[in-house]
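This briefing sets out selected features of the structure shown below. The points are grouped by topic.

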Amino acid sequence: MIIYLLKMIACSAAFYALYALLFQKEKMFVFNRIYLIGSLLLSFLIPLITFEVKVPATALYRYNEINWPAAYITREPSLSHYLPYVFYTITAIVSVFLLIRFIKNIVRLKRCMSRYKRVHINDTKISLLDEPIVPHSFLDTIFLNKKEYEQGGIEAEVLAHELAHVRQRHSLDILFIELLQIFCWFNPMLYLYKRSIKVNHELLADAAVIEQFDNVHDYQHILLQRSGVKAAMMMASSFNFLITKKRLIMLQKTFNKKRTTWYALTV
């Protein structure tokens, strides 16, 4: 089992290194989304592949003939014998704690969906909360501050950004990586994957806003205006998640179809 886990971590590290070196700087957000989720799945599947190597019967016979007395030598278990059990116990305890936290976050979000006043935009629900919050979304619901919404303080671009999160089902990706972290929290690559997945979600939503409004300069101004506000809950897609130079640069960058096609073919 431990050998499998080490192989899984190595595979995820190799896939993420490829993403960091080649893909994350390119404006091919849909491809990056597929790559990040797909490579994570492959990192769990590839270590399961085994190859059989046939050993000549004569060599096997000689090995057993030389080493057969060792089977009768009794030894006391060393400390290394108990290490796997210690690892499994610690892993189970931490996983239970993370699972409880995950369930509490889901319950908290569900309460916010049902407790407060709701309006609808097409098939998307909008929960209007009394407390000051950052616009954010989860599954098919957008969470906004009631006073700000009713007074027209929510920019159309901000609402379009959150609608893009809902329509593109970004919450499913976040739930997927959260569940992986519950049971594989010891894999450091998952934390890098999670950050990259969330950043790519923001870039996808930004691209949807620009496609709709076609005004990069005004949208950049809105991003900077809202950059100082505290982010939302961990599993929600927040408008101001990671307002960095990268998001502002990506808004100006052009899509290179030939390069994207070449990258897709090489992978």
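Predicted model: local features only at pLDDT ≥ 70, side-chain atom pairs only at ≥ 80, totals over all residues.

**Surroundings of Leu144**

Beyond its neighbours within four places in sequence, Leu144 makes contact with Ile126, Ser127, Leu128, Leu129, Ile133, Pro135, Tyr149, Ile154 and Leu159.

- Leu144 belongs to strand β4, which covers residues 141–145.
- Leu144 has a relative accessibility of 1% and therefore counts as buried, the cut-off for that class being under 20%.
- Between Leu144 and Arg118 there are 10.0 Å from C-alpha to C-alpha, although the two are 26 residues apart in sequence.

**The chain as a whole**

- Eleven helices and five strands make up the secondary structure elements of the chain.
- The chain has 267 residues, of which 39% count as buried.
- Where contacts link residues at least 6 apart in sequence, 72% of them join residues at least 24 apart.

**Packing of α1 and α2**

- Two packed helices are described by the angle between their axes and the distance between the axes.
- For helix α1 (residues 2–23) and helix α2 (residues 29–45), the angle is about 160° and the axes lie 8 Å apart.
- Angles over 145 degrees count as roughly antiparallel, and α1 and α2 are therefore roughly antiparallel to each other.
- The crossing formed by α1 and α2 is right-handed.
- On the α1 side, the residues that meet α2 are Tyr4, Met8, Cys11, Ser12, Phe15, Leu18, Tyr19 and Phe23.
- On the α2 side, the residues that meet α1 are Phe31, Asn32, Tyr35, Leu36, Ser39, Leu42, Ser43 and Phe44.
- Sorted by class, this contact of α1 with α2 comprises twelve nonpolar and four polar residues, with no charged residues.

**Burial of α7**

- Helix α7 spans residues 170–183 and is mostly covered, with ten of its 14 residues buried.
- The buried residues of α7 are His170, Ser171, Asp173, Ile174, Leu175, Ile177, Glu178, Leu180, Gln181 and Ile182.
- An α-helix has 3.6 residues a turn, so residues three or four places apart point the same way.

**Length and end of α8**

- Helix α8 runs over residues 189–213 and contains 25 residues.
- From the first C-alpha of α8 to its last, the helix reaches 36 Å, close to the 36 Å expected at 1.5 Å a residue.
- Asp214 follows α8 and has a positive phi, near 55°.

Technical notes: Residues numbered from 1 in each chain as written. Heavy atoms only, no water. Buried < 20%, exposed > 50% of the residue type's maximum accessible area, 1.4 Å probe, protein only. Helix = DSSP H or I, 4+ residues; strand = E, 2+ residues; numbered from the N terminus. Axes fitted to C-alpha atoms, helices over the stretch in contact; angles between N-to-C directions. Parallel < 35°, antiparallel > 145°, perpendicular 65-115°, else oblique. Left-handed = near helix turned anticlockwise from the far one by under 90°. Contact = heavy atoms within 4.5 Å. Nonpolar A, V, L, I, M, F, W, Y, C, P; charged D, E, K, R; others polar. Expected span 1.5 Å × (residues − 1).
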